[in-house]
Amino acid sequence: MLDRFVGLSMLIAASAVFLYYTIWTLFMPFVDEDHPLHSLFPPRVWAIRIPVILIILFTTVVGSFLSVVMIRSNRKKAFKAKQKKSS
């Protein structure tokens, strides 16, 4: 039951973020600058900066993880080869 609740909450959160971002990027440019609705959204320049920052962060984390895994795997292989050679 907990997994369904977590999945539903993640789906609702993702849908809310998608809806907010879509309204911000697609509909707000057509609203007048002095309209009070603009106070709910950050400046439009952040509509590009935020995804770029997230993509860079994501690729850095994935690249670091893969590097660590490859280095550890190589060390294991070298250690096994050294043990096999010494026996």
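Reply: Start with what counts as a helix: a DSSP run of H or I with at least four residues, numbered from the N terminus. By that rule Leu54 lies in helix H2, which covers residues 46-86. Keep in mind that this is a predicted model.

Me: Which residues does UniProt list as "transmembrane region"?
Reply: The unreviewed UniProt entry gives residues 7-27 and 47-71. In the model, residues 7-27 are 100% helix, with end C-alpha atoms 29 Å apart. Residues 47-71 are also 100% helix, and their end C-alpha atoms lie 37 Å apart.

Me: At what angle do the axes of H1 and H2 cross?
Reply: Roughly 135 degrees, and the axes come within 10 Å. H1 is residues 2-27.

Me: Which residues make the contact?
Reply: From H1, Tyr21, Trp24 and Thr25. From H2, Trp46, Ala47, Ile50 and Pro51.

Me: Back to Leu54. What surface patch is it part of?
Reply: A nonpolar one, which Leu54 forms with Val45, Trp46, Ile50, Ile53, Leu57 and Val61. Together they have about 640 Å² of accessible area.

Me: Other topic: how many salt bridges are there?
Reply: One. The side chains of Glu33 and Arg44 meet in it, at 2.7 Å from N to O.

Me: Where do Glu33 and Arg44 sit?
Reply: Both are in the loop between H1 and H2, 11 residues apart.

Me: Why can side chains like that pair?
Reply: Opposite charges can pair when the charged atoms come close.

Definitions and conventions. Residues are numbered from 1 along each chain as its sequence is written. This is a predicted model: local features need pLDDT of at least 70, side-chain atom pairs count only at pLDDT 80 or more; totals for chains, interfaces and linings use all residues. Side-chain values use heavy atoms; hydrogens and water are left out. UniProt positions are given in the numbering used here, feature names are shortened, and annotations may be inferred rather than shown by experiment. Helices (H or I, at least four residues) and strands (E, at least two) are DSSP runs, numbered from the N terminus. Patches are made of residues with over 30% relative accessible area and no salt bridge: like charges are joined within 9 Å, nonpolar side chains (Val, Leu, Ile, Met, Phe, Trp, Tyr) within 5 Å. Accessible areas come from the Shrake-Rupley method with a 1.4 Å probe; for residues, only the protein chains shown count as cover. A salt bridge is a side-chain nitrogen of Lys or Arg within 4 Å of a carboxyl oxygen of Asp or Glu. Axes are lines fitted to C-alpha atoms, for helices over the stretch in contact, and angles run from 0 to 180 degrees between N-to-C directions. Contact means heavy atoms within 4.5 Å.
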